[in-house]
Amino acid sequence: RCYILSNKNGKIQLSLRQSRLNPKSNSEVEDVEITSIKDVKKGQLVRGYVKSITPSGVFFGLSTSLLSRILFQNVSPYFVQKQSLYEKYLPEGKLLTAKVLSVTEKHIELSLLPEDTGMPGVLPESLDLPRYDAEEEKGEADDREKTEELKMKTKRRRGNSERHHPLSAVRLFVIRIAFEIHPSCCSPPSIHFPLLQEAKPKKKKICPADENDSGIEVYYREEEEDDQEKEAAKKKSKIKKSGEAPRLQVSMGFTWDEDMNAVDMPALNQKEESSESEEEEDPQSKLKKQTKKEKEVEKQKKEKELCKLEAALMDPSRQPQSADDFDRLVLSSPNSSILWLQYMAFHLQATEIEKARAVAERALKTICFREEQEKLNVWVALLNLENMYGTEESLMKVFERAVQYNEPLKVFQHLCDIYANSEKYKQAEELYQTMLKRFRQEKSVWLKYASFLLKQGQTEATHRLLERALKALPTKEHVDVISRFAQLEFRFGDPEHAKALFESTLSTYPKRTDIWSIYMDIMIKHGSQKEVRDIFERVIHLSLAPKKMKFFFKRYLDYEKKFGTAESVLAVKRAALEYVETKSSTADT
């Protein structure tokens, strides 16, 4: 039953809501019907279906007439580059729960994030995708590291400033006076003392601590605050303007005494380190360019390998070499038991027993229930697996399940064969005894047990089994059972006893031409030529229908042509003429 919502332009819209089908029922409505934007409120949890996925986001249907949008950053906390990944995990028509983020007159924005909906994420964590907030967290961590480094530098520099000689402040003052009074007599102090960079004057609040500080300490504080400005000033000093005259460059600083040298040397070392770092940056940039080229080359190689792989997969004569290959094969032919058995054998070769069991269980669930023989093949393979690698308990569990889902007689017979092939004769004997009690009216059970006994050399037990079979089976089956027992005796037992069985049967049922034919075939294969000719002579003198007699005369003639002489062939022809003449004379009379 369904409710017709509308019938316009040849399209019928239906509804399966219980509130429409049974309006009198008082059952609670799980999803309130949404017909317009007014029915949607901010912060509300709604359910709907995925309509489509576009570069601008996921379009989400709340009803037949109302469509909303979900931005990719609100679909999943993970950053996804390929839209196909969304299409895989968000197929069209999938039912999902979303939270309303904002509602305007024309648009509805939703969110599928787990923290908003309380439901599991649409993309699994096993994909190892980067998160949207990973870069922000990384930036914050870098900022924290920089601030910590600045604090450590400040502490070091303050400690160094405390160790400076008090006269250093006086020397700094003298240099400044010399530069201000006689700018031509010496170069600016920034050249000799790179740490003493000219900075813009800053307005500072005077603190008691600042009043008592030495000049060196104040200088270091200014450097810490304007670290970035100093680097920019260094770069500007390197670039010379065309209109300016070159300044005097002094290779060594003022060497008034050892203390000043101690100040100069770290500055020079810093210059050398900066130049070395600049030289190291150039080859790094070159390496980056080279890595991009290498990446392009690797990408081309991967594309070629993919092309080769696709061509190999399309080759029909290609044999599967991995689990993925078998998965593709079983997906294309899910009802083929041969493919499933090959898949199991692939895992068994690698001694992966549990995986082989899993493949068998998967095959039983996948193969269509109408394909009974295909399912039975998988059950037999699973029985073989448990017999070889499992325990008796696990084998019995699989056997009981197989009996429930298949014809019990076939499952019993297959398990008997498995026991016999694996030389577990005691278990096979017990199972045959169970079968004789459960399927005593089935002729195949008696014959299969007789074959098993004869292969074990138990001829006397086979004779007793024949007597039991004739008592248990209906009379109409007796001739066929005796004939089949006799054939088994010829193959695995006593040929003389088999001949006796045939002779007694033919004497009781002389007109059973099928038994005569079987007897002839067996004697031609196992007996002597004299015995075969005796049987043919007995048959051609029976009073059978002309059509059947013609069949036996023809067989006799073919046998003589193959194994006899020209005289024996003429003898068979004369016997056939005599039979025809006698039949014609009797017909005339």
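Visitor: Rings of Phe, Tyr and Trp (its six-membered ring) pair if their centres lie within 6.5 Å. Which residues do ring pairs link into a cluster?

Guide: In this predicted model, the cluster consists of Tyr425, Tyr432, Tyr449 and Phe452, linked through ring pairs.

Visitor: How many aromatic pairs does a search of the whole structure find?

Guide: The search gives 17 aromatic pairs. One of them is formed by Phe399 and Phe412, with 5.0 Å from centre to centre and 85 degrees between the planes, an edge-to-face arrangement.

Visitor: Where in the chain do Phe399 and Phe412 lie?

Guide: Phe399 belongs to helix α16 (residues 392-405) and Phe412 to helix α17, so the pair links distant parts of the chain, 13 residues apart. Phe399 has a relative accessibility of 8% and counts as buried. Phe412 is likewise buried, its relative accessible area being 4%.

Visitor: And Phe553 with Tyr579: what kind of aromatic pair do they form?

Guide: That pair is tilted, with the planes at 45 degrees and the centres 5.7 Å apart. Phe553 lies in helix α25 (residues 546-563) and Tyr579 in helix α26 (residues 566-588), so the pair ties together parts of the chain 26 residues apart in sequence.

Visitor: Are Phe553 and Tyr579 buried or exposed?

Guide: Both Phe553 and Tyr579 are buried.

Visitor: Back to Phe399, then. Which residues touch the most other members of the largest nonpolar core?

Guide: Phe399, Met435 and Leu465 do, within a core of 85 residues. With neighbours within four places in sequence left aside, Phe399 is in contact with Leu383, Val411, Phe412, Leu415 and Leu431. Phe412, its aromatic partner, is thus found again in that list of contacts.

Visitor: What other core lies apart from the largest one?

Guide: Another core, of 24 residues, lies apart from it, and its members include Val50, Ile53, Leu62 and Tyr78.

Visitor: On to the strands. How do β3 and β6 pair?

Guide: Strand β3 (residues 45-54) pairs with strand β6 (residues 95-103) in the antiparallel sense, over five bridges. In this pairing, Tyr49 stands opposite Leu95 in β6.

Visitor: And how many bridges join β6 to β7?

Guide: Four bridges join β6 to strand β7 (residues 108-111), and the two run antiparallel. Val103 stands opposite Ile108 in β7.

Visitor: New topic: helix α22. How many residues has it, and how far does it reach from its first C-alpha to its last?

Guide: Helix α22 (residues 495-508) has 14 residues and reaches 20 Å, close to the 20 Å expected at 1.5 Å a residue.

Visitor: Which residues of α22 are buried?

Guide: The buried residues of α22 are Ala498, Lys499, Leu501, Phe502, Thr505 and Leu506. They fall within an arc of 160 degrees when seen down the axis of α22, so they line one face of the helix. On the other side of α22, Glu496, Ser507 and Thr508 are exposed.

Visitor: What covers the buried residues of α22?

Guide: The cover includes α20 (459-472), α21 (478-492), α23 (513-526) and α24 (529-540).

Visitor: Now Ala356: which helix is it in?

Guide: Ala356 is in helix α14. At 0% relative accessibility, this residue counts as buried, because the cut-off is under 20%.

Visitor: How far apart are Ala356 and Met344, in sequence and in space?

Guide: They are 12 residues apart in sequence, and 4.7 Å separates them in space, C-alpha to C-alpha. Leaving aside neighbours within four places in sequence, Ala356 is in contact with Met344, His347, Leu348 and Leu385.

Visitor: Last topic, backbone angles. What is the phi of Thr351?

Guide: Thr351 has a positive phi of about 55 degrees, although it is not a glycine. Most residues other than glycine have a negative phi. Thr351 lies in the loop between α13 (337-349) and α14 (353-366), and it is exposed, with a relative accessible area of 64%.

Visitor: And what about the phi of Glu423?

Guide: Glu423 also has a positive phi, near 60 degrees, and is not a glycine. Its place is the loop between α17 (408-421) and α18 (425-438). Glu423 is exposed as well, at a relative accessible area of 58%.

Methods. Residues numbered from 1 in each chain as written. Predicted model: local features only at pLDDT ≥ 70, side-chain atom pairs only at ≥ 80, totals over all residues. Heavy atoms only, no water. Buried < 20%, exposed > 50% of the residue type's maximum accessible area, 1.4 Å probe, protein only. Expected span 1.5 Å × (residues − 1). Arc of directions from axis to C-beta. Contact = heavy atoms within 4.5 Å. Pairing = 2+ DSSP bridges. Phe/Tyr/Trp six-rings, centres within 6.5 Å; stacked < 30°, edge-to-face > 60°. Core = buried A, V, L, I, M, F, W, Y, C linked by side-chain atoms within 4.5 Å.
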